[in-house]
Amino acid sequence: MKILDDVLSTLNFDAPVRDIRQGVFHTAVLTRYAGLAATLPRDALGQEAGQVRQPGFLLERSAEDLARMAYSESILEAAIGMAAINSLLEVDLTSCRELNAADLILEKGADKNVVVIGHFPFLPRIRDRVKSLWVIEKNPRNGDLREDAAERLVPQADVVAITGTALTNHTLPHLLGLCAPSAFVLMLGDTVPLSPVLFDYGIDALSGSRVVDPDLALRCVSQGANFRQIKGIRKWTMVKS
């Protein structure tokens, strides 16, 4: 995962590890800032050896150790790693705007072929405003397509929206390799690091979030909040210049 190598190379690890929460739907790590990532409970439960090693003692580890958990094959550990990365990341908010990912998809994908990797609540809103909408999901719901459909459909898409959890499960390099050179590619979700390093890999926009009230956000995560229910955050989009 050279992408992770390059993101980690930009981080300043000199920060205390102050809190770690792993809720059913989301994970939060508090170091210099508070960072979030999706927990992916279904994927984690499907792993035979997917547990977190040394739970209860992670606060004794360094911020760098936590961030490097993003490389773990354990989904739960990788989620902690991605949340740690987001907690350490210095984001240039002057290069961001408060733009919802769905609005950006509509802006770029009107009357075009759109692939969304991951099932998101906004899908009904965009379905009738694009030429074709293909939703590819590891745990498909009604109308979704299975993962193997990516090989056929991603190369045909004018807009490709990829969940940030493709970093957690280490599928991002393969998905990016399927994108047509002319496609507009964005990543979305609270797992996404708002780092311009990702633009070097053919990504055109990043739609993520920053925590502005750590106490409130971590409390929501601990009490089982899904992303829409987490308070104390602001959504930002960074577009490649």
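## Ground rules

Since the model is predicted, local features need pLDDT of at least 70 and side-chain atom pairs count only at pLDDT 80 or more, while totals for chains, interfaces and linings use all residues. Residues are numbered from 1 along each chain as its sequence is written, and side-chain values use heavy atoms, with hydrogens and water left out.

## Overall build

The protein has 10 helices and 10 strands; here helices (H or I, at least four residues) and strands (E, at least two) are DSSP runs, numbered from the N terminus. The C-alpha trace spans about 50 × 40 × 35 Å along its principal axes. For 241 residues, a compact globule would have a radius of gyration near 18 Å, and the protein's 17 Å agrees with that. (That radius is taken over C-alpha atoms, and the globule rule is 2.2 Å times the number of residues to the power 0.38.)

Of the 241 residues, 55% are buried. Buried means under 20% relative accessible area, exposed over 50%, and partly exposed in between, with a 1.4 Å probe and protein chains only. The exposed surface comes to about 11,300 Å², with carbon and sulfur atoms supplying 48% of it; areas come from the Shrake-Rupley method with a 1.4 Å probe, and for residues only the protein chains shown count as cover. Take the contacts (heavy atoms within 4.5 Å) between residues at least 6 apart in sequence: 59% of them join residues at least 24 apart.

## Helix α5 and its ends

Helix α5 covers residues 101-109, and its buried residues are Ala101, Ala102, Leu104, Ile105, Leu106 and Gly109. As a reminder, an α-helix has 3.6 residues a turn, so residues three or four places apart point the same way.

After α5 comes Asp111, which has a positive phi, near 60°.

## A buried aspartate

Asp190 sits in the loop between β8 (184-188) and β9 (205-211). Asp190 is buried but has no salt bridge, and the nearest side chain of opposite charge, Lys235, is 10 Å away. For charge, Lys and Arg count as positive and Asp and Glu as negative, with His and the chain ends not counted.

What Asp190 does have is a side-chain polar contact with the side chain of His26, at 2.7 Å. (A polar contact is a pair of N or O atoms within 3.5 Å; within protein, one must be able to donate a hydrogen and the other to accept it, and residues adjacent in sequence count only if both atoms are side-chain atoms.) Setting aside neighbours within four places in sequence, Asp190 is in contact with His26, Leu36, Ala37, Ala38, Asn86, Ser209 and Phe227.

## Salt bridges

A salt bridge is a side-chain nitrogen of Lys or Arg within 4 Å of a carboxyl oxygen of Asp or Glu, and the count comes to 6. One of them joins Arg53 and Glu77, at 2.6 Å from N to O. Arg53 is in the loop between α2 (41-45) and α3 (63-68) and Glu77 is in helix α4 (residues 75-88), so this pair ties together parts 24 residues apart in sequence. Arg53 is exposed at 54% relative accessibility, whereas Glu77 is buried at 2%.

Another pairs Arg234 with Glu98, the closest N and O atoms being 2.5 Å apart. Arg234 belongs to strand β10 (residues 233-239) and Glu98 to the loop between β4 (96-97) and α5, so the bridge ties together parts 136 residues apart in sequence. Arg125 lies in helix α6 (residues 123-127), 22 residues from Asp103.
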